[in-house]
Amino acid sequence: MKNKMSFLQQEGEACPSRCPDNSAFRQQRLPAWKPQFTITAVLSTFFLTGMFCLSVGVCLILSANSIREIQIDYSDKCSDCSKLRENSSNWNKECLCSVNFTLKEDILGDVFMYYGLQNFYQNHRRYAISRSDAQLLGQNVNNSYCAPFTTYQNGTPMAPCGAIANSMFNDTFDLFYNLNSSVTQVPLLKTGNSWWTDKNVKFRNPKSYNLSSAFAGTSRPPYWQKPVYLLDEEDERNNGYINDDFIIWMRVSAFATFRNLYRRVRRIRQFADGLPAGNYTFHISYNFPVTKFKARKHVILSTVVWSGGSNPFLGIAYVISGTAATLAGFVITAIHLKLRKRKTYFQK
Amino acid sequence: NLFEQFQRIANAYFLFLLILQLIPQISSLAWFTTVVPLVLVLAVSGVKDAIDDFVRSMLLTCTLEFDEKWMNVQVGDIIRLENNNFVTADLLLLSSSEPHSLTYIETAELDGETNLKVKQALTVTAELGEDLQKLTEFNGEVKCEAPNNKLDKFTGTLTLRGEKYALDNEKMLLRGCIIRNTEWCFGLVIYAGPDTKLMQNSGKTTFKRTSIDRLMNVLVLLIFAFLALMCLILAIGNGIWEYDKGYYFQVYLPWAEGVNSASYSGFLMFWSYVIILNTVVPISLYVSVEIIRLGNSFYIDWDRKMYYPPKDTPAQARTTTLNEELGQIKYIFSDKTGTLTQNIMCFNKCSIHGKSYEMNGKYLERRQKKVDFSYNQLADPKFAFYDHSLVEAVKLGDIQTHRFFRLLSLCHTVMPEEKKEGNLVYQAQSPDEGALVTAARNFGFVFRARTPETITVVEMGETKVYKLLAILDFNNVRKRMSVIVRSPEGDLTLYCKGADTILYELLHSSCDSLKEETTEHLNEFAGEGLRTLVVAYKNLDEEYFQDWIRRHHEASTALEGREDKLSELYEEIEKDLMLLGATAIEDKLQDGVPQTIETLARASIKIWVLTGDKQETAMNISYSCNLLNDDMDDVFVIEGSTSDDVLKELRDARKKMKPESFLDSDEINIQFEKSSKKPKVLPDEQANGVYGLVITGHSLAYGLEENLELELVRTACMCKVVICCRVTPLQKAQVVELVKKYKKAVTLAIGDGANDVSMIKTAHIGVGISGQEGMQAVLSSDFSFAQFRYLQRLLLVHGRWSYIRMCKFLKYFFYKNFAFTLVHFWYGFFSGFSAQTVYDEWFITLYNLVYTSLPVLGMSLFDQDVDDRWSLLFPQLYVPGQQNLYFNKTVFVKCMFQGIYSSLILFFIPYGAMYNTVRSDGKAIADYQSFALMVQTCLLIVVSVQICLDTSYWTVVNQFFIWGSLSVYFAITFTMYSDGDCYSFDSAFCFSGTARNTLSQPNVWLAIFLSITLCVLPVVGFRFLKTQLRPTPSDKVRKYLIKPEILLTTT
């Protein structure tokens, strides 16, 4: 060994032309940090993660439990309407249906009204891509993205085009509060329900002196009852492509079961603190046929917390993971203690 | 090469995907997801080819430069060359400025030998001289063999004015030579351009593949099968879904044009999913593998610890595709001379007419005065010899002694160079010859000058000119060379020197007693590890010789079978020789050889020495370099001279090493019984001790026969060391081939001479030592360096690192792509099997190219589990590579399961977290775009953390790559998914605003954190427990890094 070292040194000194550079990179001697799995590091990782997950999980479960939520499946309750809608020739016949429910205690805070769909495959690829973002930005381009709902046979383009727009959810809900036989309509906010970026960046009406002329030369999608510029006749800033209901529908869901924000309870008068306990009635204008493909429709009233809606999954998952990590930590400790005496290095 | 072939397959595959994407019913991804990777892959491989070409052109610069000028040279042209010109075509030398139309050339470009060689034109053409008139009128016909790559052979005839003249290599100037010491010469172009021998020699090496390469190809095919299976499942799923749900959902989403049944839709979906899931086999795999190998090859070129200053020779990775195989070597086949030894020869001992003169400088140097050579003006001052009796014998004029040295000064192919009067320098092609001629010179027989027809020798101060009548060349079969000379006195003598076994057969019966004495001496010499030669002479009869030389001329002009005819003639005249004596030349061991061999042995690498030397010499050298030692239980010597003897000896050896291998219950024997055919691969057998095996070339020839080869392999592979002596170059290759055939092991052959070329080319990896014997071995090798001891660094450090890096790379690469791709598979079950992607298209495009490529490259270029000193200190670290432990099918399956697990977590945690929930302000978050963003963020962080876990050597570059990739991802995400309008991207996926709307939510981050924890924590736990329960050698060594005191206490 000794003489080997000596000639290695000799070689290090004199270095004529073809001698490689003595740089740390070329000699693979770059300074480096060499982390290792030490017992301390591993155990602290496990125990700290375990503790963290447990506490987060408990917080999540607690806050999710504070959410008040009313979910009503009205697909069966309005069976007459759904039968009517099964025949598409009745598309312009109105069908109303009402659903009663009772709140046993007050729902305090902001209350959101959602409509929920089950078994509606908004995430189907051909469905999800059947839209024209350019058109929704107010640009008048002929777009092939919208197939199969691009134009009518006579060449009139649809506005908005595409399968998503065509299938827009068009049931309407009104909520009435029955107090001592007097019926009060719960005031609802229909704007401010969509993402700011959607409302202000992604969707824009075509420019013209008025909205109906802006959509001149186009036609409503086949399933729509009224053209796009009549979606909200009362509010100019909620009409056409920038209608909140439309924008929300156009943000396709990731899964076949989803809920979209429909209205928010306006907190004035007796609803200033939320929804007081009592009897309520939903008046539903039933327009959206779903029975054919066995989808179900819900209407939901819910509050939210910092962690979002009433989904207990994260909390439970955190608690389970935390427990598992902690237990694994103990197992590792046990194994390590058992093996501590064993020599796991080379005898030189 | 293979890379190009795969490139072609890859391109076809990409083209196929592109075509699929162009079919509207099938297309599930935008065109750029395929085009961008394709362009990048092509660009990278283009750059790699450019680097390769650059390196190659560096090697060939000189020749290339002249290509332009010499473009128009055609076969049959006559060319004038001047001093120091490059020869750029293979020329037949016609005439030159020097006497006897000699031309001196340097062949460094061809074979690396720097000594001048002499070429001589035919006398008939030499007459042409410089006369242009005559040269233009020169009208002859040359018949020659077809272009080939043999640098040292040429056969042809020149027909001039009805007479035939033989042409051989002595009259050829090959492309790549440089004219030296010659004012001018004329040559006739025989081969030009690609037909030249130099060009025929380049690029003909057979392509070698590593075992990882083969495994990778198998795995890629497996993955394709897996891909097809997944697509099939999803296609069936789609058929069912469309039948069950999609058919009714047609209210809102009519079936695509032309689709009229659920099963047809399923069929189309199969191809759509092929497009989406194709990323399980990313084509960037092959490019990355090539880049890693290239990088690791550069490290070999750059290593200063493999640079040899005395010769200014750095190590060189001549093949850049075999690196990781260096980490798996199980068998080393080594040449002896010039590889284990320095190949610097010293004339050490001799036996002249039964008297041995032996003075070993080693022991007597200090006590005794050197022999005084002052009586000889021309002696080489560096020469040292300590036996005064020999000088006395020379001075007394002993006839035999004089004849002995005369022979040494005449019988050789050395070229003298006398630039100054009295300052003689010999240019010898083989160091042995140089040593012998130098010895003769010092004892007063100075070889002074040589012309093709004469040899001038100054014998004890008296200049004598011998007529050189014939040279009977040396070759590996003959193992001897002879010259026939006529002395100034008119005597005709044949002088011969050669290997003892050969020469002894040719001796005259009258020298039997002398033979015995000499044999004793020879055994003594060989026992000390010296290289021996026997010298003999024969006086020739004038008449007989005239007849012989006539036949010799005929034979040497024959076009067909010239070789055979000549060797027949040679044998005829080289018989009944009179024994003169023997010489012994010492070849010193190279520095560090015993240590290197010990280290390699500790890395459980088996070393086989294949040498042309005698058995005694070979064994002696083996003892002195620690290959064989007295601690061994036994050293078997196989020297049987019949097939049966060899078989018996081999069996006896095996019986001793492992008696139970003869029982019927033995695994291999059962295997024999079962299959009528020979088993393809023999498992390793463990002997009950440490054994060595020595086998002679003669017995080896039997051993390599079909009926014995299995027996030979079984016995030999049980021994720690095998020494084959007296082997021919062909046998060397056969031995390597034999082990390759029966053992599932990686072999390496190392050698320095032309006789090792076949073995170097046969072995999985060939290493050339750029030594004294020219460049042929280096030119056909995969790696080259100057000293044997660098082999341990090449294998234990570079090889080991390359192997580990490649394995880590492959493990991670397959993992990350499985984790990435399978998420689509799970999503299929929730999106109506509609080939909906989870990620957006730009993420799919950039994932393999931008987000995850550099960190893994960084790891596979810089990672070191333990540093080089530790790898040399603990050769045991090398063993897992030999056993293929770090990457094999099992490991691959584990990676695959880890990938599947990760993809499950990556899909279902975000799915559960997002299901039916809303943002903290009540707005949407369970939308497709938010989900996509969330999953891809999770994925990217998970694979980044995973690479962090895999990296054990964190350099700045690694940090930069990992953090850089993550920041690039977030930068791109925030620009592309921010408030800007997305119309300019012309994409169906407009993600504006997703980033800030999603990533501002606490529950999104909590879901991301949970996914990462669940993906990573089990890995941490398993890895830790693995180091505790089943530590790998490197884990054991790394323990020292934590607790260096363990090392101190145990040493």
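A search of the whole structure, which is a predicted model, finds 100 aromatic pairs over all chains. Rings of Phe, Tyr and Trp (its six-membered ring) pair if their centres lie within 6.5 Å; planes under 30 degrees apart count as stacked, over 60 as edge-to-face and the rest as tilted. One such pair is Phe907(B) with Tyr911(B): the ring centres are 5.8 Å apart and the planes stand at 10 degrees, so the pair is stacked. Both residues belong to helix 32 (residues 889-914) of chain B, four residues apart, about one turn of the helix. Helices (H or I, at least four residues) and strands (E, at least two) are DSSP runs, numbered from the N terminus.

Phe907(B) has a relative accessible area of 0% and is therefore buried. Tyr911(B), at 18% relative accessibility, also counts as buried. Buried means under 20% relative accessible area, exposed over 50%, and partly exposed in between (1.4 Å probe, protein chains only).

As to numbering, residues are counted from 1 along each chain as its sequence is written, and chains are lettered from A and ligands numbered from 1 in the order in which they are written. In this predicted model local features need pLDDT of at least 70, side-chain atom pairs count only at pLDDT 80 or more, totals for chains, interfaces and linings use all residues, and side-chain values use heavy atoms, with hydrogens and water left out.

Side chains of opposite charge can pair when their charged atoms come close. A salt bridge is a side-chain nitrogen of Lys or Arg within 4 Å of a carboxyl oxygen of Asp or Glu. By this rule there are 44 salt bridges over all chains. The table lists three of them.

| Salt bridge | N to O distance |
|---|---|
| Asp110(A) and Arg267(A) | 2.9 Å |
| Lys190(A) and Glu234(A) | 2.9 Å |
| Glu82(B) and Arg80(B) | 3.3 Å |

The pair of Asp110(A) and Arg267(A) links distant parts of the chain, 157 residues apart. Asp110(A) sits in the loop between strand 3 (107-108) and strand 4 (112-118) of chain A, and Arg267(A) in the loop between strand 8 (258-265) and strand 9 (274-275) of chain A. Asp110(A) is partly exposed at 43% relative accessibility, and Arg267(A) is partly exposed at 38%.

Lys190(A) and Glu234(A) form a salt bridge. Lys190(A) lies in the loop between strand 7 (188-189) and helix 7 (196-202) of chain A and Glu234(A) in the loop between helix 8 (211-214) and helix 9 (244-250) of chain A, so the pair ties together parts that are 44 residues apart in sequence. Lys190(A) is partly exposed, with a relative accessible area of 25%, whereas Glu234(A) is exposed, with 72%.

In chain B, Glu82(B) is partly exposed at 39% relative accessibility, and Arg80(B) is partly exposed at 38%. A network of salt bridges links Asp547(B), Arg550(B), Arg551(B), Glu554(B) and Glu572(B).

A patch of negative charge on the surface gathers Asp512(B), Glu516(B), Glu517(B), Glu520(B) and Glu524(B). Patches are made of residues with over 30% relative accessible area and no salt bridge: like charges are joined within 9 Å, nonpolar side chains (Val, Leu, Ile, Met, Phe, Trp, Tyr) within 5 Å. Glu517(B) lies in helix 15 (residues 512-527) of chain B and, at 40% relative accessibility, counts as partly exposed. Glu520(B) is also found in helix 15 of chain B and is exposed, with a relative accessible area of 56%. The C-alpha atoms of Glu520(B) and Trp608(B) are separated by 28 Å.

Definitions and conventions
Accessible areas come from the Shrake-Rupley method with a 1.4 Å probe; for residues, only the protein chains shown count as cover. Lys and Arg count as positive and Asp and Glu as negative; His and the chain ends are not counted. The place of a charge is taken as NZ of Lys, CZ of Arg, CG of Asp or CD of Glu.
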